[in-house]
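Please look over the following report on selected residues and helix pairs, with the sequence and the structure open beside it.

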Amino acid sequence: MALPATMKVLGLVLGIILIILMGILSEISVELLVRFSVLCKASSYGEVVQHAMGKPVRILSEICIILNNAGVLVVYLIIMGDVMSGSSHHMGVFDQLMGNGAWDQRKIVVLVVMVVFLAPLCSLDKIDSLSLTSAASVALAVLFVVVAFTVAFIKLVEGRIDSPRLAPDLSSKTAILDFLVAIPIMTNAFVCQFNVPPIYNELEQRSPRKMNTVGRYTTVLCIVVYASTSISGYLLFGKDTEADVLTNFDKDLGIRYSSVLNYIVRIGYILHLILVFPVIHFSLRQTVDALLFEGSPPLSESKKRSLGLTAVLLVLIYIGSTMIPNIWTAFKFTGATTAVSLGFIFPSLISLRLRHLGDLSYGEWVLSWLMLVLAVTVSIVGVVSNVYSLESKS
């Protein structure tokens, strides 16, 4: 939902190139991670990191997973609140359907959604229990893309879309800062590496080759969905594209059945977030458990500990969602720190440190170094830009 806003900053050409490049690099890092997880017989992301770089670095990687996943879940709640209850600039779904009422209070609406829908799904203790909800969430994301892309295409054919920016705008200090933080924001889109070892271990008739096939299909699907979302969202709303593009769908789209399509897009995507929320929460809970209760039986064997952790994490995530103003603020910090570390820095370091175990080819060695250098550069530039941006505003 933040990707169309990055197109507004980067321009369509550079934005699409970066989505494809990040997708390819992400898939390379996933395949390297699968290879070395199998060789180390690791059941979690932290275990393979410990094999390569020792326990202190494992603890650091687990802290990154906790911060990244908690940040993403906070973003999900912010989006749900913005879309259902509205914001200072946009009307919410409930406002448009029922007028003013208690549902205008974002905190109350998000709390109800968390208690009624999210808590039961998050209490499940195995990731394969979430396979149906995960599949449904992908279908709903594709529904959003199809509707948004169709509307944008119709308006483009009718000549009712303003000329989009093709290259980044670097004409002012503010524009340069937005450009520098836009790239870290995009890194959030492909970070799934912390889920690779547990998903691999639950695959039937698992093998690295089978997992790599899963990864490649997923990467292609993500690139198509992300590129389509970015292009259609930016073409539809141009310079008015919000950090969360869903909030733009409260106005007339200029085509027949506009109001119906607006409701389908927003409600469908809220359902998507509700269904994907427990998948991210699963790895968050597993990581917190590994960090705090090392040596204890698995969570699947301790229902009381599992439910207790779930309750505490959901409360903290809810509190976080009431304190952070918008998803751009959250994503620009997680993208420059935890997301880039989990997606690119740790996997490349693992492959370089354990190259003697995995018969790393010269090409893979070069790619690992390239990925490491690019990731560290993006992280440093992103952090410095974020800090400078905050100082400028203050």
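## Surroundings of Gln193

In this predicted model, and with its neighbours within four places in sequence left aside, Gln193 is in contact with Ser26, Ser29, Val30, Leu33, Tyr45, Leu342, Gly343 and Pro347. One of these residues, Gly343, also takes part in a polar approach, for its backbone oxygen lies 3.2 Å from a polar atom of the Gln193 side chain.

Gln193 itself is found in a loop, the one between helix H8 (173–187) and helix H9 (196–202). Although this residue belongs to a loop, its relative accessibility is 0%, and Gln193 therefore counts as buried, the cut-off for that class being under 20% relative accessible area.

## Helices H2 and H10

Helix H2, which covers residues 12–40, packs with helix H10, residues 208–237, at an angle of about 160 degrees, and the axes of the two helices are 10 Å apart. Because angles over 145 degrees count as roughly antiparallel, H2 and H10 are roughly antiparallel to each other.

The crossing of this pair, H2 with H10, is right-handed. Sorted by class, the residues of the contact of H2 with H10 comprise 14 nonpolar, five polar and three charged ones.

## Helices H7 and H11

For helix H7 (residues 131–157) and helix H11 (residues 258–292), the packing angle is about 150 degrees, with the axes 8 Å apart, and H7 and H11 are therefore roughly antiparallel to each other. H7 passes H11 in a crossing that is left-handed.

On the H7 side, the residues making the contact include Ala136, Val138, Leu140, Leu143, Phe144 and Val147, while those of H11 include Leu261, Ile264, Val265, Tyr269, Leu271 and Leu275. Gly268 and His272 of H11 are also among the contacting residues, as are Thr133, Ser134 and Ser137 of H7. By class, the contact of H7 with H11 holds 16 nonpolar and five polar residues, and no charged ones.

## Thr287 in helix H11

Helix H11 is also the place of Thr287, a residue that is buried, with a relative accessible area of 9%. Its side chain reaches the backbone oxygen of Ser283 at 2.7 Å, and, leaving aside neighbours within four places in sequence, Thr287 is in contact with Glu62, Ile65 and Ile66.

How far apart are Thr287 and Val384 in sequence and in space? Thr287 and Val384 are separated by 97 residues in sequence, and their C-alpha atoms are 28 Å apart in space.

Technical notes
Residues numbered from 1 in each chain as written. Predicted model: local features only at pLDDT ≥ 70, side-chain atom pairs only at ≥ 80, totals over all residues. Heavy atoms only, no water. Helix = DSSP H or I, 4+ residues; strand = E, 2+ residues; numbered from the N terminus. Buried < 20%, exposed > 50% of the residue type's maximum accessible area, 1.4 Å probe, protein only. Polar contact = N/O pair within 3.5 Å; in protein donor to acceptor, adjacent residues only side chain to side chain. Contact = heavy atoms within 4.5 Å. Axes fitted to C-alpha atoms, helices over the stretch in contact; angles between N-to-C directions. Parallel < 35°, antiparallel > 145°, perpendicular 65-115°, else oblique. Left-handed = near helix turned anticlockwise from the far one by under 90°. Nonpolar A, V, L, I, M, F, W, Y, C, P; charged D, E, K, R; others polar.
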